[in-house]
Amino acid sequence: MRLSTVILPIDRWHEGGRDAWVRAEELGFHTAYTYDHLSWRSFRDRTWFGALPTLTAAATATRRMRLGTLVTSVKPFSPIAS
């Protein structure tokens, strides 16, 4: 059986963010996901980091564990507003 986990991008990398990803790999998780939301109700008064920079950093700190976004937000883009 392969187990996966979700790690919220709420901690600065040097203040526990890295440790969460490393610990997930040490615990044997097959995959770790993070969310790509604009906000999260429980953490609306805290910093919320971007999913892709978080996954990039996680890739430098892990060796075997697969990484991915659990949800990826569609960011609206208007070519007219450019």
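**Figure 1. The chain runs β-α-β-α-β along its sequence.** Two helices and three strands make up the secondary structure; helices (H or I, at least four residues) and strands (E, at least two) are DSSP runs, numbered from the N terminus. What you see is a predicted model, in which local features need pLDDT of at least 70, side-chain atom pairs count only at pLDDT 80 or more, and totals for chains, interfaces and linings use all residues. Residues are numbered from 1 along each chain as its sequence is written, and side-chain values use heavy atoms, with hydrogens and water left out. Of the 82 residues in the chain, 30% are buried (under 20% relative accessible area; exposed is over 50% and partly exposed in between, with a 1.4 Å probe and protein chains only). Among contacts with a separation of 6 or more, 79% join residues 24 or more positions apart (contact means heavy atoms within 4.5 Å).

**Figure 2. Helix 1 spans residues 17–26 and has a buried side.** Gly17, Trp21, Val22, Ala24 and Glu25 are buried here. They share one side of helix 1 because they cover an arc of only 155° around the axis, taken from the directions from the helix axis to the C-beta atoms. The packing partners of the buried residues are strand 1 (4–6), strand 2 (31–36), helix 2 (51–61) and strand 3 (66–72). After helix 1 comes Gly28, with a positive phi near 95°.

**Figure 3. Take a closer look at Trp21, a residue of helix 1.** Trp21 has a relative accessible area of 1%, so it counts as buried. Leaving out residues up to four places away in sequence, Trp21 touches Ile7, Trp13, Ala32, Tyr33, Thr34, Thr54, Leu55, Ala58, Thr62, Met65 and Leu67. Thr54 is 33 residues from Trp21 along the chain, and their C-alpha atoms are separated by 9.9 Å. Leu55 in turn contacts Trp21, Thr34, Leu67, Gly68 and Thr69, its neighbours within four places in sequence set aside.

**Figure 4. Seven residues form the largest nonpolar core.** The members are Ile7, Trp21, Ala24, Ala32, Leu55, Ala58 and Met65. Such a core is a set of buried Ala, Val, Leu, Ile, Met, Phe, Trp, Tyr and Cys residues joined through side-chain atoms within 4.5 Å. Helix 1 and helix 2 are the elements that give two or more residues to this core.

**Figure 5. The largest pocket holds about 190 Å³ of space.** A pocket is an open set of points on a 1 Å grid over the protein atoms alone where a 1.4 Å probe fits, with protein on both sides within 12 Å along at least five of seven lines; lining residues have an atom within 4 Å of a point. The lining has 15 residues, and Asp11, Trp13, Gly17, Phe49 and Thr54 lie nearest the centre of the pocket. At least two lining residues come from each of helix 1 and helix 2. By class, the lining has nine nonpolar, four polar and two charged residues.

**Figure 6. Leu70 sits in strand 3.** Its relative accessibility is 39%, so Leu70 counts as partly exposed. Beyond its neighbours within four places in sequence, Leu70 contacts Val6, Tyr33, Thr34 and Tyr35. Tyr33 and Leu70 are 37 residues apart in sequence, with 5.4 Å from C-alpha to C-alpha.

Key
Points joined across faces, edges and corners; volume = space filled by probe spheres on them. Nonpolar A, V, L, I, M, F, W, Y, C, P; charged D, E, K, R; others polar.
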